[in-house]
Amino acid sequence: MRRAFTALVLACGGLAGCGGGAPARPNLVLIVLDTARADHFSCQGYARPTTPHVDALAARGVRFSEARSVAPWTLPAHMSMFSGLLPRDHGATWAAFSEPESAPLRELVAREFAPADPGRMLGARLAAAGYQCLGFSPNPWVARSKGFAQGFAAFHELWRDEERAAFAPAAPADALDSTLSGATVRGVAAALEARDEERPFFLFVNLLDPHFPYEPPEPYRARLGGTAAGVARVLEGGRRTELAMIAGASPFTPDELVPLYDGELATADHFVGVLVAALERAGVLDDTLVAVTSDHGELLGEEGLWSHQRSVADELLHVPLVLKLPGDARAGTVSDDPLASNLDVYATLLAAAGLVPPAGPSRDLCAPSPAARELLVGEYDTSRAYLRQLAGVNTAFDPEREPRALHQLYTAGWRTLCVSHEPQHTVPRTPSAPGDPSAEMTRAGELLREWLAARDASAAVRAGALRDDAAAREGLEDLGYVGDDGADEDGR
Ligand SMILES: [Zn+2]
């Protein structure tokens, strides 16, 4: 298994080799399919035709089949891609939205988050090097107020009615046209048209379709086996349904939801196709590095869990990662690097722009000799205010029994789940993985203790100022992060 990875590294032969005959400063595009789990992509072996457009990009570039995220939910995972830092070091985790404990969650999540080193952010670095940075986020966690817009000439927050309206069609051509992603890709097309053609650009796009509530538009609902009745049932309970599911009380079975989730994944993939076509129409696709990944996956009933909180299960951390390089270099290559990560997008994009990435754990995946990585850690913390919300929608949910920290350690041969810093179990990553679980558990404990000790306290939690950002709060409510007021205020 290692042989294929080594072959890729040697074949890349440095940035020039990786980029082929590409221009010195290619355009850069980062497409994040929010909540898209790797094992539901057809190019990753899924049996259903969910992702033909991502598959086509993979055929023109490099697909990292074993990439993992370092966090199971939106905010820390995106911040790691944008800062090249681990959640423990950038601090954009639940811990930043947890105090004071008495505050209602809806106020906490509307807080601003300020990166400790704004100049380190992806947009800031690229803008300083002359790139035009254009951002499109329909996810209110990936917001200007959370520090993501550093360096961006425009960072569109599409959950805001007025910003989305700017890209809404006068008369939608079909159901796809009316979606949030429909507005997003129209905005991108307009931005590409209006860009300064003398300078390279960095385009960031989040496509939110696979996030609950699953309501895939046609033709993808029917194509992936979903029904109108199924969608109606999903929408019936509103945002409270997802909170209840996260709290362990799902009214659905996996059989009911998987076709709808797959329909949403196919919808996001459709819009990847629209974006690629827009790049082609603008005549820039060949000169562009297109990275497609996800921030995290989704639990669809595994071990009784749903959505993407309260867990660092592999279904949440295994993410797609495809790099279509300028000039279609390395077309059709598959890397099974077991410790590749979407965290590496940061250094890979900076290096492709000819910049030296700042010190940190992010690796340039196109470097001739990527920095050694002994382990990769996915981490999750929690917020008492959030746990109170969950208890408010499911009386059987006991916040006191909830672990305060979860870690998933990945080494080349094993993955090891740790609950509150103690190893719980190990699973071989390949059937032929060497070693035995007990020895690996002991080693995992040592590695985790070293890893935690190396935490950079100076870059840890940044307390944000409370402010009433009504649009952000409402957007997060729509995503299911905040339930009804009663659950929050009665202190359960
Ligand atoms: Zn997300």
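1. A handy definition to begin with: a residue counts as buried if 20 or more other C-beta atoms lie within 10 Å of its own. Please keep in mind that this is a predicted model. With that in hand, look at helix 18, which spans residues 470-478. Which of its residues are buried? They are Ala472, Gly475 and Leu476. These three cover an arc of only 95 degrees around the axis, so they sit on the same side of helix 18. Just after helix 18 comes Gly480, with a positive phi of about 90 degrees.

2. Next, find Tyr214 in the loop between strand 5 (201-207) and helix 10 (220-223). Is Tyr214 buried or exposed? Tyr214 has 28 other C-beta atoms within 10 Å, and therefore it is buried. If you set aside the neighbours within four places in sequence, Tyr214 is in contact with Val234, Leu257, Leu260, Tyr261 and Glu264. Gln44 gives you another distance to check: Tyr214 and Gln44 are 170 residues apart in sequence, and their C-alpha atoms are 22 Å apart in space.

3. Now for a pair of helices. The axes of helix 12 (residues 239-246) and helix 16 (residues 384-393) come within 8 Å and cross at roughly 100 degrees. Angles of 65 to 115 degrees count as roughly perpendicular, so that is how helix 12 stands to helix 16. On the helix 12 side, the contact is made by Arg240, Leu243, Ala244 and Ile246; helix 16 brings Gln389, Leu390 and Val393. Sorted by class, this contact has 5 nonpolar, 1 polar and 1 charged residues.

4. Let's turn to a sheet. In general, strands of a sheet pair through backbone hydrogen bonds, either parallel or antiparallel. Here, 4 strands form an open sheet in the order 11-12-13-14, with antiparallel pairing. Why is one side of strand 11 (376-381) and of strand 14 (422-428) left without a neighbour in the sheet? Both strands stand at the edges, and each has a single partner strand, so one side of each has no neighbour there. On average, neighbouring strands of this sheet are turned by 15 degrees against each other, direction ignored.

5. Strand 13 (residues 414-419) and strand 14 run antiparallel and are joined by 6 bridges. Within this pair, Trp414 stands opposite Pro428 in strand 14.

Technical notes. Residues are numbered from 1 along each chain as its sequence is written. This is a predicted model: local features need pLDDT of at least 70, side-chain atom pairs count only at pLDDT 80 or more; totals for chains, interfaces and linings use all residues. Two strands pair if DSSP finds at least two bridges between them. Helices (H or I, at least four residues) and strands (E, at least two) are DSSP runs, numbered from the N terminus. Axes are lines fitted to C-alpha atoms, for helices over the stretch in contact, and angles run from 0 to 180 degrees between N-to-C directions. A residue is buried if 20 or more other C-beta atoms lie within 10 Å of its own, exposed if 12 or fewer, and partly exposed in between; C-beta atoms are placed from the backbone. The arc is that of the directions from the helix axis to the C-beta atoms. Two residues are in contact if their C-beta atoms, placed from the backbone, lie within 7 Å. Angles under 35 degrees count as roughly parallel, over 145 as roughly antiparallel, 65 to 115 as roughly perpendicular and the rest as oblique. Ala, Val, Leu, Ile, Met, Phe, Trp, Tyr, Cys and Pro count as nonpolar, Asp, Glu, Lys and Arg as charged, and the others, Gly among them, as polar.
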